[in-house]
Amino acid sequence: MLLISFLIVFPLLAALAIAFAPTADLRSAFVRWSALALAIASVVLAVAYFRTGPEFFSLGDTWNGLLDQVFLLGGIAVALVLLYLCRRISVRQWYIPALILLQMGLILVAELAPGHPEVARPFYVDSFSILMALIVGVVGWLIAVYAVRYMRDYHAQHPEVRDRQPAFFAIVFLFCAAMFGIVLTNHLPGLFFFWEITTLCSFWLIGYSGTAEAMRNAYRALTMNLIGGVFFAAAIVWLTFNPELQTWELDVVIANGGAAALIPAALIAVAGLTKAAQMPFHTWLLGAMVAPTPVSALLHSSTMVKAGVFILVKFAPVYHGTEVGLLLALIGGVTFLATSLIAVNQRNAKLVLAYSTIANLGLVVMCAGVGTTATLWAAMLLILFHAVAKALLFLSVGTTEHLVHSRDIEDMDGLVYRRPVLAMTLMVGMLGMFLAPFGMLISKYTCFQAFLTVDVFPGGGILLMAILAFGSAPTLFFWTKWMGKLVAMPRRTPEPMPEVPREQAFALLALTGLTYLACVLYPFVDWAFILPYTQALADAGLVPPPSDSTHWETFILMSVMLAGMFLLPVLFWLRPPHYATVSGYLSGANVAGSASYRGAMGGEREVTARGYYLTAFLDEQRLTRQGLIAAGILMIAMLMGAAL
Amino acid sequence: MNLEYWGFALAFIVLGPVVGGLLAGIDRRLTARMQSRQGPPLLQPFYDVLKLFEKDTTVVTHLQTLYLWAFLFFMVIAGVIIFLGGNLLLSLFAMTVSGIFLCLAAESTNSPYSKIGSAREMLLMMAYEPMLIIVPLGFFLVVGSFQVADILAGEPSQVVQLLGVLIGFLFVLTIKLRKSPFDISTSHHGHQELVKGLTTDMSGRDLALVEIGHWYENVILLAWLYLFFGPLGLLWALPIAVVLFFAEVLVDNTNARLKWGTTVKASWWVAVLFGVTNLLVLPFI
Amino acid sequence: MSFLTKSPWILHYAATSCNGCDIELLACLTPLYDVERFGIINTGNPKHADILMVTGSVNEESRKVLENLYEQMPDPKAVIAIGACALSGGIFREAYNVYGGIDQVIPVDVYVAGCAARPESIIDGVVRALGVLEERSKNRVRQRKVA
């Protein structure tokens, strides 16, 4: 319990210290060391509760009552801050304060109701929340380390942006505190309180630069997340007044697993979908790209969207084997398919990453909706691999952007020759995202197997599997295209690039190492974090017992592949072949070097070749529209399905 | 897994190129006959590759050789997985990795012909990937396992149950074998608008590696085809698989090339109409 | 024996030919002559080719291309000049813009005469070039041993 309170309270104190640090150097030091302390604390948490079943903590009546008050007053405070932030919106955006008031009203109705349920055990630890805490702690630490230097450069490059770094880092820590709260609290109104804090923080961070575009996107993110918040509050109201299942405890709702739990679960599913940026709410995450890169990394990898999928995976036993679950899985599927296709269109590196995040979260949602042991396994591994690889990719893109002054994929031509280490980190991130033998593929493999055994609705499993098969193909295309750009031989001697700052290099290399480690050690992750969780669920009779279906030779072959991926470059480096270099084939018209050819009029012309974006073949607007409509219909069907 | 399968896997590593080269030789001779030519000797592919080892190798960038090593490595792994009786889906993933490294090798040269070749290759990968994934899934639904050993021990009727999947597979096999009408990224014929596409800037040993990789790939694809008929026994299954394999040569010689857009659309429609539909109606067969 | 002689891949370049010889050259690939019998393939790519076959005379425009193509062919390689123009400039020899035969620009190993050269003589030229190639290949092996 001490650890939990440390994880939640310490970042709050750190945030205060950072906000009021007298000098910039002191502030940076605060950021570094507090983030490290959090990472260590999350590791200690993992060690202390290593492979234990879910463990609940009670604080005693006085403290419990106090906690209720804190959550109540805190919730009101957050709502008031949000209302204050709405002071400059136009009349046409009346719905934002309306949504804030609506959700505050709902939550007050629940919390002030006479005889509302009491929460005896407001906090808990199980191996899934440990895994999440590790992700938040360790990845969050690396992002914070990276951000210190990045933000300094950012303000040097963008003098027009008001320097609000103290507040920026304070908010980042507040964000982490809320994330720890979300993954460790068993108290639903408490969960909602932390949930709203992440909404507030993301709003502030997205709008950091203060430009018109940033503010517009920040308000959009706020709106979407408030919609989710309203549904969450509605679920709490339902749980307050429903005689069949009157409880505020998360584990009781999940353990109930019956029809009574399905309605709040469906309502919370909508909240989870908004946070996880699933269609029809995915646009806020695209807009979040205007924020500085560490913010994107934070939102995409370890926090925010992970909170959304966390809650969905948490509720998976309730969805398991129901139509609601299947519909939820289909929403994830539609999102996965549509955004994978749209990502092919994108030239902006950060947008490619954003779409791929949404697609991967879609995959997790599919897993959560199906809710069998195997898909839970896949979902948890996906969350882990995605967090590490995506943080790595975002930070690498951020560094690249500072070096080449562009986010355009086409401008990253030949990065392998210009900044080998940076290119390596990018490549490892991409390989981690889609290629065997790296992590994501193990999960995809399990998904295929698990989807085929879904029998809620005839053909439902086949449908999910087909979506996965068709969505994976464009994924292959857009990643390979990008990697192709990175490895392309530069056409002329590249201009020298500034060095990667040491702190950034540290964060990048650490994340690269983590990506590799996660792939090598995935059986360990399975044994240490996933198996205890699914076993506990199975013991409670919520999901079918886990079956050990991974063949050992499959694992050995995976290891051989991974080793090959590592050893071939080493071998190449040790014994490079000595071949003569010539310029590329240009129909014999090349002029000294591969850069240019002699045109018809005798002049020199440079060769340019761009990637394929298939804009005529796959129309972004149309795909988005179709995805929104399909996901919207599915969502309404899901809510109605739960109500009936 | 037993000693027998280890033997198969070893045989694949050693004999794979021999069989693959012979298949390529038969292919070229058959093509020649269809065009009423005499055609090259059966061993011509071996002569070609041995010659390439005698030649100097020139590269645009040294790294392209590294990517080609990875291409060959993962191709061999993909085959070893199958011949070990292992996981078909995993083998497919390894094959995909291998294909991606070939694309990277072409991209790394940064010359327009190679680049367009590799872009088209990626489009082709996007086209055939769904159908190729559906094949192991179909086997899983029928046999209950992704293991090649289990598929081979299945019921002889599985090919009837998976007829749609087989048709879809034969369709994308044309792409995988780089045959017309889908040989848009590179082909065995003089390819005038793209020179040699993907392999334009590879020469000597590098090109030999690509050829050997393709031989392995041909054996792997033949093995996939064999799996459909495997339970019938070697005596029936192998001839059927070989005949179907060489039916692709006929397709090659009777078709003009398509554009990539048509290729992608056609392959996806085939995957839906034959592959997915087959899986959907499977419970009723 | 060198495998070069079993699988000569050719690159055909029309310097400033009238296309007469080119037609004859392509005729070699048709079923009537079917040079693939000998493993000969028209690659259209210098990096894959062993034998460069050039038709037509050389002028300033084609000179650089020819040099580049020759440069990009990996060793061992051979060059065949086909037709009167490629041999000496032919009837264009006196033209102000023509350098003359191919050997003004790159070393030629085999000369195939004719206007236009007949397919039979072209095939014969290739066979002679194979001898050159084998010789070069042997020399390389010898040199490598010495080194």
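This section describes the domains, helix packing, strand pairing and chain contacts of a predicted model.

Chain A is divided into three parts: domain 1 covers 1–58 + 125–180, domain 2 covers 319–577 + 618–644, and domain 3 covers 581–610. The centres of domain 1 of chain A and domain 2 of chain A, taken over C-alpha atoms, are separated by 25 Å. Contact between these two domains involves 19 residues of domain 1 of chain A and 20 residues of domain 2 of chain A. On the side of domain 1 of chain A that touches domain 2 of chain A, 13 residues are nonpolar, two are polar and four are charged.

Helix packing within chain A was examined for two pairs. Two packed helices are described by the angle between their axes and the distance between the axes. For helix α1 (residues 2–19) of chain A and helix α2 (residues 24–48) of chain A, the axes come within 10 Å and cross at roughly 175°. Since angles over 145 degrees count as roughly antiparallel, α1(A) and α2(A) are therefore roughly antiparallel to each other. The α1(A) side of this contact consists of L3(A), F6(A), L7(A), F10(A), P11(A), A14(A), A17(A) and I18(A). From α2(A), the contributing residues include R27(A), F30(A), V31(A), S34(A), L38(A) and L45(A). By class, the contact of α1(A) with α2(A) comprises 16 nonpolar, two polar and one charged residues.

The second pair consists of helix α5 (residues 127–157) of chain A and helix α23 (residues 522–539) of chain A, whose axes come within 7 Å and cross at roughly 145°. Here S127(A), F128(A), I130(A) and L131(A) of α5(A) meet F529(A), P532(A) and Y533(A) of α23(A). Six of the residues in the contact of α5(A) with α23(A) are nonpolar and one is polar, with no charged residues.

A507(A) is located in helix α22 (residues 502–520) of chain A. The threshold for burial is 20 or more other C-beta atoms within 10 Å; because A507(A) has 30 C-beta neighbours inside 10 Å, A507(A) counts as buried. Leaving aside residues up to four places away in sequence, A507(A) touches L142(A), V145(A), Y146(A) and L395(A). Between A507(A) and L330(A), the separation is 177 residues in sequence and 36 Å in space, C-alpha to C-alpha.

Strand pairing is considered next. Strands of a sheet pair through backbone hydrogen bonds, either parallel or antiparallel. In chain A, three strands form an open sheet in the order β4-β5-β6, with antiparallel pairing. The edges of this sheet are β4 (590–591) and β6 (604–606) of chain A, each of which pairs on one side only. β4(A) is joined by two bridges to strand β5 (residues 596–598) of chain A, and the two run antiparallel. Within this pair, V591(A) has S596(A) of β5(A) as its bridge partner.

In chain C, strand β3 (residues 51–55) is mostly covered, with five of its five residues buried. I51(C), M53(C) and T55(C) point one way from β3(C), whereas L52(C) and V54(C) point the other way, and all are buried. In a regular strand the side chains alternate between the two faces of the sheet. Strand β1 (residues 9–14) of chain C runs parallel to β3(C) and is joined to it by five bridges; Y13(C) stands opposite V54(C) in this pairing. β3(C) also pairs in the parallel sense, over five bridges, with strand β5 (residues 78–82) of chain C, where M53(C) stands opposite I80(C).

The contact between chains A and B takes 52 residues from chain A and 58 residues from chain B. On chain B, β1 (58–59), α3 (63–83), α4 (88–109), α5 (112–143) and α11 (260–281) each supply at least two residues of the side that touches chain A. Of these elements, α5(B) gives the most, with 17 residues. The side of chain B that touches chain A divides into 37 nonpolar, 16 polar and five charged residues. Strand pairing also links these chains: strand β3 (residues 580–581) of chain A and β1(B) pair in the parallel sense over two bridges, with V59(B) as the bridge partner of T581(A).

The contact between chains B and C takes 26 residues from chain B and 20 residues from chain C. The side of chain C that touches chain B has five nonpolar, nine polar and six charged residues.

Terms used
Residues are numbered from 1 along each chain as its sequence is written. Chains are lettered from A and ligands numbered from 1 in the order in which they are written. This is a predicted model: local features need pLDDT of at least 70, side-chain atom pairs count only at pLDDT 80 or more; totals for chains, interfaces and linings use all residues. Two residues are in contact if their C-beta atoms, placed from the backbone, lie within 7 Å. Helices (H or I, at least four residues) and strands (E, at least two) are DSSP runs, numbered from the N terminus. Ala, Val, Leu, Ile, Met, Phe, Trp, Tyr, Cys and Pro count as nonpolar, Asp, Glu, Lys and Arg as charged, and the others, Gly among them, as polar. Two strands pair if DSSP finds at least two bridges between them. Domain bounds come from an automatic or database domain assignment. Axes are lines fitted to C-alpha atoms, for helices over the stretch in contact, and angles run from 0 to 180 degrees between N-to-C directions. Angles under 35 degrees count as roughly parallel, over 145 as roughly antiparallel, 65 to 115 as roughly perpendicular and the rest as oblique. A residue is buried if 20 or more other C-beta atoms lie within 10 Å of its own, exposed if 12 or fewer, and partly exposed in between; C-beta atoms are placed from the backbone.
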